[in-house]
Every structure is written in structure tokens, then in C-alpha cells.
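This report looks at charged side chains and how they pair. Please keep the sequence and the 3D view at hand while reading.

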Amino acid sequence: MTEFETFDMPDTLPLLPVRDMVMYPSVILPLFVGRDMSINAVEKSLSKDRLIIVTAQKDLTDEDPLPERIYSVGVVSQIMRMLRLPDGRVKVLIQGIKKARILEYVQETPTFLVRVEAIEEPLITEITLEIEALMRYVKEEMEKVVSMGRMVPPDILMVLDTIDEPGKLADIAAANLALAVDKAQEVLEIVDPVERLKKLSEILGKEIELLNMQAKILSQAKDEMSKTQREYFLREQMKAIRSELGEGDERSEEIDDLRKKIKKAKMPKDVEKETLKQLERLDMMHPDAIESTMLRTYIDWIIELPWSKSTKDNIDIKLAKKTLDEDHYDLEKVKERILEFLSVIKLKGELKGPILCLVGPPGVGKTSLGKSIAKALGRKFSRISLGGMKDEAEIRGHRRTYVGSMPGRIIQNLKQAGTNNPVFMMDEIDKIGNDFRGDPSSALLEVLDPEQNYAFSDHYLNIPFDLSKVMFITTANRVDTIPSALKDRMETIYIPGYTGKEKVAIAKKYLIPKQLDENGLKDGMLHIADHAVEKIVEEYTREAGLRNLEREVAAVARKVAKKVAEGDKRKVVITTKNLHNYLGIAKYLPETGMEFDTVGVASGLAWTEAGGEVLYIEAMCRKGKKDLLTLTGSMGDVMKESAQAALTYIKSKAEILGISEDVFDTLEAHIHVPQGAIPKDGPSAGITMAVALISALSNRPLNRKIAMTGEITLTGRVLPIGGLKEKTLAALRANMEKVLIPDENKRELSEIPDYVKRKIKFLPVKNMDDVVRILFGG
């Protein structure tokens, strides 16, 4: 090699960029050249003086590196041999001569030509004790590396023993250690031979520490390593090998992909920190471990939640009013409250206020109101049903200690909605149960409390999620079964049942066109007359809402669709005369009331979840056991107590009522409410039972056209009741002329439709004296 020590180096040389290795002076290496630019560089060199500068490129994956992606320090080398291979590649044997620095790129195509200058190293004139010690240390450490199984050519130790120059020793040792490109380049660029030797000694020290640790791990694990552990260890070794070769594996790519998704999700800092911590745990686990699958699922859940995704509110109050009017008939009071709610959100810019609870009979449009609110806000709509829910985990989720655990319904629906501010409807909140698995209503206290739900913690996630942007709306059929603490967090909006007139209007405007469309009928194929719709309402449905009415209209539409499908395309007109041909005989007889005034029979009004009903309460008295009061008709406890209170009141007012006190010595009274198979309860039948008893005891008939409702006390006071509108509509259906109502309910008459008030006269009463005066005179 001494012939190259004083050679004349040209100013311009072809450049050969190489990957995966760094060339050193005094080293002979075989290279496989496959890129066009590299083959052109070899041919250019062979055509002149066989000299070429070999330099490492920074990015191993770069097939066509630019000048700035190539290291500026390389080694001027001589091509000793060249062999063309059948696949088009060229194999060359090159020998490193001298280090040089690239000053300028003279040409870039078809190959790189660069202007270079030689890098002169300081001349070592004397081998000091320090240098001698360094050289001996490097040689000994190389022996250790070879003895510990490192893949190093075995004859390299003999070569190193013959070298007495520090620089050459460092270069040849570094070239045979298979260092990473960046570390090898760092050694090459050190000009001072002694400093280069020191750097190499540091690298060797670290390498031996790693090999010692590896040997220790092998020694400890050798006796107890199972098949799974051995596979894991081999995978880790493969991982390390691929890392050295610059190749990734599927597991690493998966972890990197999850890490990118975590960053992209824009979670709160504490949540992101916890998620990355769990990701590191996953990276350390064996892929086949059960816990690995569970942890991967957990991380997927966190990533897919809408931490920062939200829809922008576009609140136009006029448009919202138009949307509500298009989707819902009447309900003006309810619509007004919803518009007020939206107006506050628009002005304040945030949603932090009462949770709306829509209360009303089935089928009055509670759920569709929620959809209309979402439509008006421009938000996603999500819904869950709470009916029959008994497990607290349905709300809060299962803890991850259980196999098959998953988040609660709140988190699940937010993931499906894809935004953190949907309109979230919880149906049937009055039908939540509880058992040994917990109380879901208690879990809902946190969800529906604006002061707490900004940090809702699901048991599965175990990290806080902000629910304060979610607009929660709940629905119920009745209020009394909702737990008081839950009720306190909500603002109740009552949606009463529809009158017959309102149902006809809704059927014409919404239900009939909808069913024509759903059953494939075009305009002009079916027409249902107004009187026919009225008959469907009165004789084929008995409800406060509209579901059965829509079913009956759908039944008519299906039968007409069948005729059209059979080829009969004539227009069908449904009237009261031919309605039975499509729906069969009437399911309900009209509430015509009693045919004549009867002693001991009073017309009471009751409220059910399906609306109002007229109850004819019957009373009969005879001689028998003293103070015997028999109650039949599936009465509840409250109703029985009202009957007892009524009897006590009558006894105390016997003289005023014209009843002989002697009668009570042998009085045996019996009160019966027809339809005994249906359970009945509530205080509002108090005055009705009292009136029926007075009529039976005094033998005076009651006016069948007068209905009544109200709770009675022992002193005869008449207390207010609920469901006045529904009860009034029942009285209208039964052709009542007058209705007795508690005086304190008088303020609710403003909500009764005008056409009802024109047909029925309302008589407010404060006590039983007023009731007796109206019904019996005096």
C-alpha cells in the first residue's frame, strides 16, 4: 500500500455514493454497483486512471440522492478489478487510498463529478506511552469482540497485530466492526489519528458492554426459557438485526402507526400521556399474549373517540322555528321553550344549562322533537333507550379486568356519532330499574350534571372525557317514577296528548303523505276523506299519541298498494261508508256516555299514559254490618284511601246532605269501578266516589252529562289534579256538557283549545259544598 502514500490526486473525480457502509483508507472491499449513476461513475474511472471517490449517503432508502444528501468527506479509492454480472450489475474490488473532502459538484448527470481536496493527517513522529496504551487497548478489545461471537473476519486480529500506525489501526478496526453509517462516518471525519483512536476505543467499550449484557441475559434465561420466551427473544434479535439493516418490521410499523394516530387525535395532555404510556406497555408485550389484544383494543377505543372533533353550531332562530313547524303540528308552548333554549346558546356561545326532559304519552313526538333540535343546530343526533336498564355498567362501562369488557353506552354512542357535541337523546328515563348490579339512575347523575360532566370517567377508559359540549335531552311518559335527584337536574317540558281535531290535521298534513310515499303510491292513487280520518281516530284508535293512527293509515295504504300492484290503477277514495272494507269492524265504540241519569253512578275523569278516560264509578248502599266499605275494580291504595275519606266526610255532613244519621248504624257500602281487569290508582277520583255515595245514600240521581275530577280531604276541600287537558278531551269524546274541576286548576284552562271550551262548560269548585250544590241543588 506504500505506493499510494505520495500519489498525485486529481482535482476532479467521479463520485460513487454507497449505502450501508463507510469506506476507509488502506481497506480493500468488494462492492456491488447497480444504480445507473454509480455504474457510469465506475466506467468513467476505468476510462482514465481508475481513481474514484467513495462517499456514504445519509439516507439509506434514497435511490437517487441529491448532493446535499451525501456526506462531504469520503475516501479516494482505486478500482482494482471489475466484473459485469448477468443481471446488469457490476462487481468491483476497490482499495481505499486517502481521505478527501468534496469542495464542489462539477457535474450531476449522467454521474456525479466532484472537485476534491486531500485531507492531510498530522504526522505521528513518536509513539508515546499514551499512544502505545491506546493501540494495545484497541487490539485487546477487538480480541474480546471476536471471542464474544461478534461477526468479525477471524484473520483481522493478525492484521491488526502487524500495524504500528495509530491512524491505520483505527481505520482498519472501524471498517471491520460493521458500525452504523452515522457512527462510522463520525470516526472517518476525525482528522487526528490519536483522537480517532480514542473515539474508536469508546465505541469498542460500549460494544463490549452490550455483548456482556447479552451474554448475561442468555445465561440467565437458558435454563428456564420456554418455547414462547425463546420465540420472543428471537423476535427481539430479529428486530435488532432489521434495525441495523434499516428494515422495519410489522410490529414496529403498527406501534408507529398507533403513535401517529394518538398525536393526530389531539387529546388533552394528561390523556395523551396515559395513552402513550399504555402504548409503551403494548410495545413491550408479546404479540400473542391475551393482555396484548385487550390493551390494543383499549388504545383503539381511546384513539377513535372524538376528543377534538365537533360540529360547528349554525343557529338561525327563524330557520329553527321553521324546522320545528314543518316537523311538528301545534305544540306551540313546547316549541317556544326550545327556541328560547337555542337563543341562549346562540347568544352565550356555549351550552351550560338545564337538561331538557320531554314528558308526555307515547307517540306524541318526543323523540322526533330531539331530531328536529339536532337538525336546527346542525349537529349529529344520537339516541339510547334507558327502558329496563338495570346494570350501572351500561352507563359507566365495565372495568378492564373483565374479559369482554367495553365502554358504557354514552362513550359508545359518542364514538359512533364522531363528534363531541351531538344532540344526545335518552329515551324512557322514567323506566330505569336497579338490582344487585347497581343503579343506572345514580350513574346518570354525573352525566346529566353540567357541573360534573366536564370530566366524566368511564370505568373502561378510566380517563376523563368532557361531556359538557353534549346537548342531552331526555324523554319520559310520567314524572313520578323518575328519581328525585335525577329529576332535580332536568327541566321538565310537558307534551300533552292530541285532541281528535289535532289528530285529523296531523294525519292530513304528515301521516297520509308519508304513508303514500313509503308504500309506493303516487299522487292521485289514494284519497282519504276528512270524515273517514275522523272515524279512524274515534273508532280505530284509543291513544293520546299518533302511533296507532299511523298504523291504521299504513294498513289502508298497503291494501291500496296491493290493488295497484295487481293492475287496478283506478283512484281509491276512502269514506266512512267503505272504511270497514280496509280496516275491518271498529275496534272501539264511541264514548257516548250513559243513556239516562242513574242513582249512585257518577262520571269521573282519569288520566292514563295513553291519555284521558271517562270512568263511571258506581256506589250502592244497603243494610248490613256497621261501617263496612267494600271496594272493587282493581283499585290502588291511594284510591281506597280516597274512598275512606269520602265516607268520613259524608258522615260528618250527613244532616246538611239530608241523610239520616241512623243509616250509618247498619250501613254497608260498596264502591265499584268498571273494567276490573285494569289496575287503577290516583287521588283524583275522590270527589267522584263521594258524589256516588251521596247519590246512593240520598237516592237522588246524578246528571250523566256532568263529569268531575278532584282530590278530596276529610274536611271536604277539593285539591288540584294533573292531566287536565287529557281528561277534558275524554269528556269531550263522551259528549259531556259540564266538567267540575278543582278551583286551583282554573289557571290551566288557558291551555285548553277554544273549540273544547265552546262545547264544555268548566265549573271550578273549592270544596265539596260547591260540588253538592251544583249536582244536587240547595
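The sections below cover the model, its salt bridges and a charged patch.

## The model

This is a predicted model, in which local features need pLDDT of at least 70 and side-chain atom pairs count only at pLDDT 80 or more, while totals for chains, interfaces and linings use all residues. Residues are numbered from 1 along each chain as its sequence is written, and side-chain values use heavy atoms, with hydrogens and water left out.

## Salt bridges

Side chains of opposite charge can pair when their charged atoms come close. The whole structure holds 43 salt bridges (a side-chain nitrogen of Lys or Arg within 4 Å of a carboxyl oxygen of Asp or Glu).

One of them joins Glu280 and Arg259, at 2.7 Å from N to O. Glu280 belongs to helix H9 (residues 269-284) and Arg259 to helix H8 (residues 250-264), so this pair ties together parts 21 residues apart in sequence. Helices are DSSP runs of H or I with at least four residues, strands are runs of E with at least two, and both are numbered from the N terminus.

Asp427 and Arg383 form another salt bridge, at 2.5 Å from N to O. This pair links strand S9 (residues 423-427), which holds Asp427, with strand S8 (residues 381-385), which holds Arg383, 44 residues apart. Asp427 is buried at 3% relative accessible area, whereas Arg383 is partly exposed at 41%. Buried means under 20%, exposed over 50%, and partly exposed in between (1.4 Å probe, protein chains only).

Lys99, Glu121, Asp171 and Arg196 are linked in a salt-bridge network.

## A negative patch

Glu655, Glu661, Asp662 and Asp665 gather in a surface patch of negative charge. Such a patch is made of residues with over 30% relative accessible area and no salt bridge, with like charges joined within 9 Å. Asp and Glu count as negative. Asp665 sits in the loop between helix H23 (654-657) and strand S20 (667-672), and is partly exposed at 44% relative accessibility.

Key
Patch = residues over 30% accessible without salt bridge, like charges linked within 9 Å, V, L, I, M, F, W, Y side chains within 5 Å. Areas by Shrake-Rupley, 256 points an atom, 1.4 Å probe, with all protein chains shown as cover. Charge placed at Lys NZ, Arg CZ, Asp CG, Glu CD.
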